[in-house]
Amino acid sequence: MTDTGARRAGLTPKSIVIWTCVALVGGVSWGMVALSRGEEISAIWLVTAALGSYAIAYRFYSRFISRRVLKPDDSRATPAERLDDGVDFQPTDRRVLFGHHFAAIAGAGPLVGPVMAAQMGYLPGTIWIVVGVIFAGAVQDMVVLFLSMRRDGKSLGQMARDELGRIGGVAALIAVLAIMVILLAVLALVVVNALAESPWGTFSVAMTIPIALFMGLYLRFLRPGRVLETSVIGVALLLLAIVGGGWVENSSLAETFTWSPETLVFCLIGYGFVASVLPVWLLLAPRDYLSTFMKVGTIVLLAAGVIITAPTLKNEPVTSFASSGDGPVFSGALFPFLFITIACGALSGFHALVSSGTTPKLIQKESQVRMIGYGAMLMESFVAVMALIAASVLDPGLYYAMNSPAGMLGSTVESASEAVANLGFTITPEDLAAAAKSVEEESLIARTGGAPTLAFGMAEIFSGVFGGAGMKAFWYHFAIMFEALFILTTVDAGTRVGRFMLQDMLGNVWKPIGRVTWKPGIWITSGIIVGLWGYFLYTGATDPLGGINQLFPLFGIANQLLAALALTVATTLLIKAGRLRWAWVTGVPLAFDVAVTFYAGWQKIFHSDPKIGFFAQRRQYADALDEEKVLAPATSLDDMRTVVLNSTVDGVLMAIFLILVTLVIGHAAVVCVKAVRSPEPLPTTEVPYVKSTITVPDSRSAEPAAATSGASSGANSTSGPGDSR
């Protein structure tokens with residue numbers, strides 16, 4: 001690099017030495033992870049490999065995208081400034097907004113997906129989580145956030161409707177809303193399962209609501225601008241709520257906070273509605289910001305525990321299940337199903353909904369897109385790496401005893417031990433009983449879904465640093481509560497995002513309901529959204545084969561199809577804006593995501609193995625039903641009929657989703673060809689430049705060039721295909 005090039009990149013001799021050391025540490029760590037042959041390696045290498053990669057990606061790649069592709073302009077007023085209404089649009093301190101955005105995007109995916117994918121080994125999952133987030137997931141979040149911000153915070157579906165034409169836009173709106181409802185119901189069900197009959201978790205999570213309300217009022221009226229002061233008070237109250245939850249569990253109040261799944265469902269529905277209609281500064285933003293302290297704090301402590309205890313990875317780098325596709329946790333080969341199982345830690349369509357939902361309506365300055373969009377996604381990716389480590393430090397025998405289905409393991413420690421031995425791993429009945437006793441659980445057999453395994457792995461690491469074996473049960477139940485809090489923040493933010501989407505959609509038919517200032521429209525659309533996901537949630541909580549349980553198999557692929565829609569819209573808008581030379585930034589991850597997800601969808605529809613293909617499963621259960629046989633997980637002939645119906649519905653919906661996404665991509669391709677061939681830029685819905693009148697003191701996230709670019713740069717932000725950008 002020339003001296004001039006180094007100066008332009010902001011590099012000094014000191015920074016060159018620092019970044020060279022970071023690159024060396026990351027490179028050596030990747031070498032240790034990838035080149036180990038047969039011997040156990042320390043989990044520390046995964047931590048340092050990930051952190052080194054994230055640091056370089058944020059410093060160089062995200063900076064390149066910001067400066068060359070997006071070109072943010074801090075002299076340009078954002079929607080939060082121009083449309084400030086104190087309800088949905090509100091200029092928000094970047095630290096608070098980072099916390100809100102991270103809390104909103106970080107749900108069940110980065111926690112349980114990597115745990116389940118550990119059946120294929122720690123190496124494929126680690127590579128996908130780190131490489132995927134750098135070149136796909138964080139890029140999607142950052143670019144979609146910027147594009148939505150330039151369009152008054154329009155939702156992803158509405159941007160597709162405005163920019164891709166009627167047919168492609170309508171297909172996108174339908175697909176996005178349907179997938180959104182499924183994702184919200186699945187996330188809510190995980191929260192219900194985690195908090196049901198848990199007074200500690202229920203009390204601690206419930207207390208975050210009044211604490212958040214206090215923080216919102218304190219920051220807006222009592223001590224405006226005192227973010228650090230408010231944070232200290234909020235964190236102190238949060239820690240008190242966590243400790244108090246343990247006290248409640250062992251007191252006479254335990255029964256008061258021991259709620260059934262049905263009770264939790266109605267509480268979640270009510271909370272989702274309230275969080276959607278209240279001003280964003282009052283509940284949603286401060287609660288998510290508060291939750292981020294616990295989320296990030298717990299993950300940092302977990303990383304510190306890994307570094308201190310240096311546990312070895314007992315999992316194999318790549319297991320035989322990666323190629324055979326007959327693993328007990330989930331069926332299917334590494335390609336494509338690893339990339340579907342691990343979604344949110346690497347690439348997630350749900351994030352695009354948040355990036356085109358609440359966040360673009362709150363951002364103060366355009367240059368903060370980099371820190372909030374790219375940076376928050378890197379943080380979530382690190383959560384996924386830590387989850388994979390927590391699963392991989394467990395003995396494989398225990399891992400498969402916890403994550404294999406009950407029908408294979410049986411109900412006793414003896415039958416589970418024998419079943420695990422048939423998989424090629426060893427764990428004695430005594431070891432299984434001792435593991436359950438160590439965390440004060442009656443049994444750990446067939447505790448599927450990933451969450452209990454993650455909690456046990458976290459307890460293993462934490463107890464090695466804090467308190468020893470005597471504290472293992474405490475850390476296990478703390479981790480269960482942590483997971484519930486982690487996921488709940490995506491439900492409240494997601495409901496608000498769903499309300500925005502529905503308002504945008506119905507606003508195409510009746511203008512008043514699309515206005516964010518019309519309160520009846522806010523209440524009506526919020527009620528519809530919580531009613532939709534609430535119905536599937538309630539049915540799923542009361543019927544093991546009904547409601548959202550019926551649609552759960554669609555979760556992973558639907559999420560990645562949503563990412564394909566987001567990347568399609570982003571690529572199209574870059575090309576329409578004259579940035580053809582940079583379209584590969586979103587175009588390459590789009591091509592990979594489409595290849596992976598469509599192949600996975602094809603297999604889920606047409607594969608002959610009933611464990612993979614929906615219609616193959618339908619045939620298997622229909623044939624057994626004709627012979628009046630009962631196959632697991634069904635326990636009766638009525639259950640058999642339900643399984644047949646569920647398989648049919650899943651297969652049909654999968655086909656519909658693939659067709660809708662194909663329509664969107666096809667129409668986007670037509671628009672892109674027109675944009676390239678047109679001598680003049682095609683019209684877009686990007687709002688005109690308006691000069692900003694607010695200042696952000698000590699905005700360390702601002703790009704120097706962007707902060708001083710002036711009005712002319714904003715006024716000419718949409719250029720023709722020949723633009724040098």
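## A buried glutamine

Contact here means heavy atoms within 4.5 Å. This is a predicted model, in which local features need pLDDT of at least 70, side-chain atom pairs count only at pLDDT 80 or more, and totals for chains, interfaces and linings use all residues. Residues are numbered from 1 along each chain as its sequence is written, and side-chain values use heavy atoms, with hydrogens and water left out.

Gln560 sits in helix H26 (residues 555–576). Helices are DSSP runs (H or I, at least four residues), numbered from the N terminus. Gln560 is buried, at 1% relative accessible area. Buried means under 20%, exposed over 50%, and partly exposed in between (1.4 Å probe, protein chains only). Leaving out residues up to four places away in sequence, Gln560 touches Trp128, Phe339, Ile340, Ile342, Ala343, Leu347, Ser348, Gly349, Asp593 and Thr597.

## Salt bridges

Side chains of opposite charge can pair when their charged atoms come close. A salt bridge is counted when a side-chain nitrogen of Lys or Arg lies within 4 Å of a carboxyl oxygen of Asp or Glu. The count by this rule is 16.

Arg76 and Glu366 form one of them, at 3.7 Å from N to O. The pair links distant parts of the chain, 290 residues apart. Arg76 is in the loop between helix H3 (44–70) and helix H4 (79–82), while Glu366 is in the loop between helix H16 (349–355) and helix H17 (369–392). Arg76 is buried at 2% relative accessibility. Glu366 is buried too, at 2%. A network of salt bridges links Arg76, Arg150, Glu366 and Glu686.

Arg82 and Asp152 also meet in a salt bridge, at 2.4 Å from N to O. Arg82 lies in helix H4 and Asp152 in the loop between helix H7 (122–149) and helix H8 (156–164), so this pair ties together parts 70 residues apart in sequence. Arg82 is partly exposed at 27%, and Asp152 is partly exposed at 22%.

## Surface patches

Patches take residues with over 30% relative accessible area and no salt bridge; like charges are joined within 9 Å, nonpolar side chains (Val, Leu, Ile, Met, Phe, Trp, Tyr) within 5 Å. Phe214, Leu217, Phe221, Leu222, Leu237 and Leu240 form a nonpolar patch, with about 580 Å² of accessible area together. Helix H10 (199–222) and helix H11 (227–249) each give two or more residues. H10 gives the largest share, four residues. Leu222, in helix H10, is exposed at 58%.

Asp395, Glu414, Glu430 and Asp431 form a negative patch. Asp and Glu count as negative, and the place of a charge is taken as CG of Asp or CD of Glu. Glu430 lies in helix H21 (residues 429–438) and is exposed at 56%.

Definitions and conventions:
Areas by Shrake-Rupley, 256 points an atom, 1.4 Å probe, with all protein chains shown as cover.
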